Amino acid sequence: MGIAKDSIESLKLKARISDFVLASTSGKLRGNKGMAICPFHGEKTASMSFTDEENLFHCFGCSAGGNVLSYVMKYHGITFPEAAKMMARKYNVTIE
């Protein structure tokens, strides 16, 4: 039994990838786009871009990328349902 697609879509609409990126690594947000040091490989200068408009990230150094859910999964080393539940708590969204 999985999480309802409507619940995931509602969560994606409320979530902002910048909330998770800026809480996990150093970076800067300008408007709805930003650059950050990628937490998935060793580096000294920012090579990971992210955008709240599309809730996507991409690292030009290690090619990691995806949406806000995949960022949370990869950073915390958790499954999709666990990431969805974590995000739902943060944004006070009920998931079914």
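Guide: Happy to. Keep in mind that this is a predicted model. Let's start with C62: its sulfur lies 3.7 Å from the closest cysteine sulfur, which belongs to C59, and that is too far for a bond.

Visitor: What is a disulfide, then, in general?

Guide: A disulfide is a covalent bond between the sulfur atoms of two cysteines. To count here, the two sulfur atoms must be within 2.5 Å.

Visitor: How many disulfides does that leave us with?

Guide: The count is zero. C59 isn't in one either; its nearest cysteine sulfur is that of C38, 3.7 Å away.

Visitor: Okay, on to charges. How do I read a salt bridge?

Guide: Here's the general idea: side chains of opposite charge can pair when their charged atoms come close. In this model, the count comes to two salt bridges.

Visitor: Which side chain does D19 meet in a salt bridge?

Guide: That of R16, with 3.4 Å from N to O. D19 is partly exposed, with a relative accessible area of 25%, and R16 is partly exposed too, at 40%.

Visitor: And which residue forms a salt bridge with D52?

Guide: R16 again; here the closest N and O atoms are 4.0 Å apart. This pair links distant parts of the chain, 36 residues apart: D52 sits in the loop between β3 (48-51) and β4 (56-59), while R16 is in the loop between α1 (5-14) and α2 (17-24). D52 is buried, at 15% relative accessible area.

Visitor: What about the inside? Which residues touch the most other members of the largest nonpolar core?

Guide: To read a core, look for buried nonpolar residues joined through their side chains. The largest one here has 23 residues, and I17, F20, V21, M48, F57, Y71 and M87 touch the most other members. The elements giving two or more residues to this core are α1, α2, β3, β4, α3 (68-76) and α4 (80-91). Of these, α4 gives the most, with five residues.

Visitor: Can we zoom in on F20? What is F20 in contact with, leaving aside its neighbours within four places in sequence?

Guide: F20 is in contact with V68, Y71, V72, M87, K90 and Y91.

How values were computed
Residues numbered from 1 in each chain as written. Predicted model: local features only at pLDDT ≥ 70, side-chain atom pairs only at ≥ 80, totals over all residues. Heavy atoms only, no water. Buried < 20%, exposed > 50% of the residue type's maximum accessible area, 1.4 Å probe, protein only. Helix = DSSP H or I, 4+ residues; strand = E, 2+ residues; numbered from the N terminus. Core = buried A, V, L, I, M, F, W, Y, C linked by side-chain atoms within 4.5 Å. Contact = heavy atoms within 4.5 Å.
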